[in-house]
Amino acid sequence: MALTASPVDDVDTPKGLAFAITAYVLWGFLPLYMKLMAHIPPAEIVAHRIIWSVPIAGLLLAALGRTRDLKAALGNPRMLGMACLTAALISVNWAIYVWAIASGNALDAALGYYINPLFSIALASLLLREPLTRTQWAAVMLAALGVAVLILEAGELPWAALGLTVSWGFYAFFKKSLPIGPNQGFLLEVLILLIPALAYVTWLGAAGTGHFGLLSTDTSLLLGAGLVTAVPLLVYANGAKLVRLSTIGILQYIAPTMIFLTAILVFGEQMDMARMIAFPLIWAALIVYSIPLVRQLRARS
């Protein structure tokens, strides 16, 4: 059975828009859930995100009748190798994100996802030799200037923001090389990560330092971590096939904007002088980057 998804028309469908917007809104609310687990080490949270994502993704794949695709992928060494790479990248991304929220650095999480689309076009230019337009160059330079302001002010790199940008950017880049449907790809990734995640959680339990036990609030939160991880990713993966790339380019700002507002209004994080300069520079970069996308949407509507 072919492992590539069937092509769809380059149009925005109502179903696709509903899926994509829902996924980004869910991601926007995710910091509120992660903050409830701020007392739990990030590595333990990531392990449970992996473990409890497996049954959710597995049940969905079984309901769709696409388990044969997964079996074919498991028998393909090249695809398994690429899936191991994407699995490693997404686990790093999750760990940085969880740490950023728990440690009071949600603004850096928002910054990282704001920069991501600009990093992706820079990555395409460097690795795929895709030429950048003047507008794209201007956007990348503005974002780079914003990051430079943060570095000069703090005297160090904004590690959380750049870590989220780089890990998600390379994840998306290599994910394109997986000739398998989005649901199958996600399940393949969490299955690869399942054994080390189970081993780590078992070790924590044996050492008496784990937070997963019977009838506790922490247990309920860790069980729910799989749900809040798998559902947005699966919803997004299915929605992305039914909307245009330019539309995704605009919608992807929903989540970091919600994270930014949550950090300021709910978590009480402060905008220091460097951030007050850097964020407007990066917002300006995103506006410059988005102008051609908006024009494309209007021309095609």
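Started with alanine 100: buried or exposed? Buried, since its relative accessibility comes out at 0% and anything under 20% counts as buried. This is a predicted model, so I'm reading computed values throughout. Alanine 100 sits in helix H4, residues 77–102. I then looked up what alanine 100 touches, leaving out residues up to four places away in sequence, and got Asn105, Ala106 and Ala109.

Next, H5, residues 106–127. Its 22 residues should span 32 Å at 1.5 Å each, and I get 30 Å between the end C-alpha atoms, which agrees. Where does H5 bend? At asparagine 116, by about 40°, with proline 117 following within four residues. How many residues of H5 are buried? I count 17 of the 22, so the rest of the structure largely encloses this helix. After H5 comes arginine 129, and I noted its positive phi, near 60°.

Then H1, residues 14–35. Same span check: 22 residues at 1.5 Å a residue should give 32 Å, and the end C-alpha atoms lie 33 Å apart, which agrees. H1 has a kink too, about 35° at phenylalanine 29, shortly before proline 31. For burial in H1, my list includes Gly16, Ala20, Ala23, Tyr24 and Trp27. Pro31 is on that buried list as well.

What does H1 pack against? I found helix H9, residues 217–240, at an angle of about 155° and with the axes 8 Å apart. That angle makes H1 roughly antiparallel to H9. The contact takes in, among others, Gly16, Ala20, Ala23 and Trp27 of H1, and Gly224, Ala225, Val228 and Pro232 of H9. I have the crossing of H1 and H9 down as left-handed.

Last pair: H3 (residues 67–74) and H8 (residues 182–207). At what angle do they pack? About 50°, and their axes are 10 Å apart. H3 and H8 are therefore oblique to each other. H3 supplies Asp69, Leu70, Ala73 and Leu74 to the contact, while H8 supplies Gln184, Leu187, Leu188 and Leu191. On spacing, I reminded myself that an α-helix has 3.6 residues a turn, so residues three or four places apart point the same way. The handedness I wrote down for H3 passing H8 is right-handed.

How values were computed. Residues are numbered from 1 along each chain as its sequence is written. This is a predicted model: local features need pLDDT of at least 70, side-chain atom pairs count only at pLDDT 80 or more; totals for chains, interfaces and linings use all residues. Side-chain values use heavy atoms; hydrogens and water are left out. Helices (H or I, at least four residues) and strands (E, at least two) are DSSP runs, numbered from the N terminus. The expected span of a helix is 1.5 Å times one less than its number of residues. The bend at a residue is the angle between axes fitted to the seven residues ending there and the seven starting there. Buried means under 20% relative accessible area, exposed over 50%, partly exposed in between (1.4 Å probe, protein chains only). Axes are lines fitted to C-alpha atoms, for helices over the stretch in contact, and angles run from 0 to 180 degrees between N-to-C directions. Angles under 35 degrees count as roughly parallel, over 145 as roughly antiparallel, 65 to 115 as roughly perpendicular and the rest as oblique. A crossing is left-handed if the near helix is turned anticlockwise from the far one by less than a right angle, and right-handed if clockwise. Contact means heavy atoms within 4.5 Å.
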